[in-house]
Number of protein chains: 2
Amino acid sequence: MSDAGGATTRRRGRPPRTESAGTRDRILTTAREEFSERGYEKTSVRGIAKAAGVDPALVHHYFGTKEQVFAAAVEVAFAPALEAPGAIADGPLAGVGERLTRFILGVWENPATRTPLLAILRSAVNNETAAAVFRRLIADQVLHRVAAQLDPPDAELRVELAAAQLVGCAMLRYVVKVEPLASADAEQIVARLAPVVQGHLTGP
Amino acid sequence: MSDAGGATTRRRGRPPRTESAGTRDRILTTAREEFSERGYEKTSVRGIAKAAGVDPALVHHYFGTKEQVFAAAVEVAFAPALEAPGAIADGPLAGVGERLTRFILGVWENPATRTPLLAILRSAVNNETAAAVFRRLIADQVLHRVAAQLDPPDAELRVELAAAQLVGCAMLRYVVKVEPLASADAEQIVARLAPVVQGHLTGP
């Protein structure tokens, strides 16, 4: 438990950068696994600390409350999405619907990103606090940034209805697995959804 | 426990209609409440029986396994939806998008139908068996019946992508509660989504 002891001693200072990054990352990876397996309600800071082999005080030191640990774990899972809005909104506005649709299908098709997304979705559906974290992250980091690239006064509502089309598709295809949608070719879905997303964002 | 005793005696026959209907309904209402509160995994036939004041054997007698009790509880929650596809698909095809959008927003706006819908959504997102029940019900009872009214060879995929738009809107508006969507006027949402749903169903 040298990590925990060290952190306690240095509580008000910053741990040396290299140790800090390694331990912090390990806690975060463990937290993501714990939230994925158990869901928000059944996961505890104590359980995350135990699984990561550190003192619970160290988890609090780096992240704060359980809610803040969850927010940090979600943020990592969403890292590609958080970098993407710029790239998605940049480039010709006429292609934004297709870029956004391809991006969302891409993160769901990739098992490495699908697992944390499923965990977040499960936690958000089951727990009000987790839903609030998810809501803030999506609203602040993704929706507002895409909406800022658009013109109309109802830009945020438009972005959310576009997101609704993609979230619903992910739900039915990857979670509920309704056929023929679950087995449909991704390109066929892009062909159908890209114009719809485009219409929401830039249509009349 | 006279119900339970009576049912055991008459196990292979049918209970008299009036007692049967009352007890059966009570079990079903209790089952819906238990699944709503606890989710699929934590709900047991024994727990439902106890809450309804009957013997577990009676629950099995009427419904079978826990999965079948869940299916029956879900079917009751979906009763309006199960009657609706006819009414929605009947009438001019040009108005089907608006009728479907209004119907789905209607069942989510109404607290009496929203609660069991939320319970079903939570169970389906968290448990594979519950997801399978949900999938079968949606596919057999709703999607195929609406698709049967349409022409194109990809009618079922079209219905599912239309459903995805509405499911995603329900997720973001009523579960995750993203603003401004959560507080937007229902008529504003209908105005934006009805043409999209219509396009999925009857567009090019």
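# Close-up views of a two-chain model

**View 1. Two copies meet through the same surface.** In this predicted model, 100% of the interface residues of chain B are also interface residues in chain A, so the copies use the same surface to meet. The contact brings together 39 residues of chain B and 39 residues of chain A. Between them, the two chains bury about 3,600 Å², and 66% of that area is on carbon and sulfur atoms. Which three residues supply more of the area that chain B buries against chain A than any other three? They are Val125(B), Leu157(B) and Arg192(B), which supply 18% of it.

**View 2. How one copy is laid on the other.** Two copies of a chain are related by a rotation about an axis and a shift along it.

**View 3. Helix H11 of chain A meets helix H11 of chain B.** Two packed helices are described by the angle between their axes and the distance between the axes. For H11(A) and H11(B), each spanning residues 186–202, the axes come within 11 Å and cross at roughly 160 degrees. The helices are therefore roughly antiparallel to each other, and H11(A) passes H11(B) in a right-handed crossing. On the chain A side, the contact is made by Arg192(A), Leu193(A), Val196(A) and His200(A). On the chain B side, look for Arg192(B), Leu193(B), Val196(B) and His200(B). By class, this contact of H11(A) with H11(B) has four nonpolar, two polar and two charged residues.

**View 4. Helix H8 of chain A meets helix H8 of chain B.** This pair also crosses between the chains: the axes of H8(A), residues 111–126, and H8(B) come within 10 Å, at an angle of roughly 155 degrees. H8(A) and H8(B) are therefore roughly antiparallel to each other. Is their crossing left-handed or right-handed? The crossing of H8(A) and H8(B) is left-handed. Leu121(A), Arg122(A), Val125(A) and Asn126(A) face their partners here, meeting Leu121(B), Arg122(B), Val125(B) and Asn126(B). The residues of this contact of H8(A) with H8(B) divide into four nonpolar, two polar and two charged.

**View 5. Inside chain B, helix H7 meets helix H8.** Now we stay within one chain. The axes of H7(B), residues 96–109, and H8(B), residues 111–126, come within 5 Å and cross at roughly 95 degrees. That makes H7(B) roughly perpendicular to H8(B). From H7(B), the residues in contact are Val107(B), Trp108(B) and Glu109(B). They meet Pro111(B), Thr113(B), Arg114(B), Leu117(B), Leu118(B) and Leu121(B) of H8(B). Sorted by class, the contact of H7(B) with H8(B) has six nonpolar residues, one polar and two charged.

View 6. Our last stop is a loop with some backbone details to look for. In chain A, Pro180(A) lies in the loop between helix H10 (155–175) and H11. The peptide bond that leads from Glu179(A) to Pro180(A) is cis, with omega near 5 degrees. Lys177(A) is also placed in the loop between H10 and H11 of chain A. Although Lys177(A) is not a glycine, it has a positive phi of about 60 degrees. Turning to chain B, where is Pro180(B)? Pro180(B) is found in the loop between helix H10 (155–175) and H11 of chain B. A cis peptide bond joins Glu179(B) to Pro180(B), and its omega is about 10 degrees.

Key. Residues numbered from 1 in each chain as written. Chains lettered and ligands numbered in written order. Predicted model: local features only at pLDDT ≥ 70, side-chain atom pairs only at ≥ 80, totals over all residues. Heavy atoms only, no water. Axes fitted to C-alpha atoms, helices over the stretch in contact; angles between N-to-C directions. Helix = DSSP H or I, 4+ residues; strand = E, 2+ residues; numbered from the N terminus. Parallel < 35°, antiparallel > 145°, perpendicular 65-115°, else oblique. Left-handed = near helix turned anticlockwise from the far one by under 90°. Contact = heavy atoms within 4.5 Å. Nonpolar A, V, L, I, M, F, W, Y, C, P; charged D, E, K, R; others polar. Buried area = accessible area lost by both parts, 1.4 Å probe.
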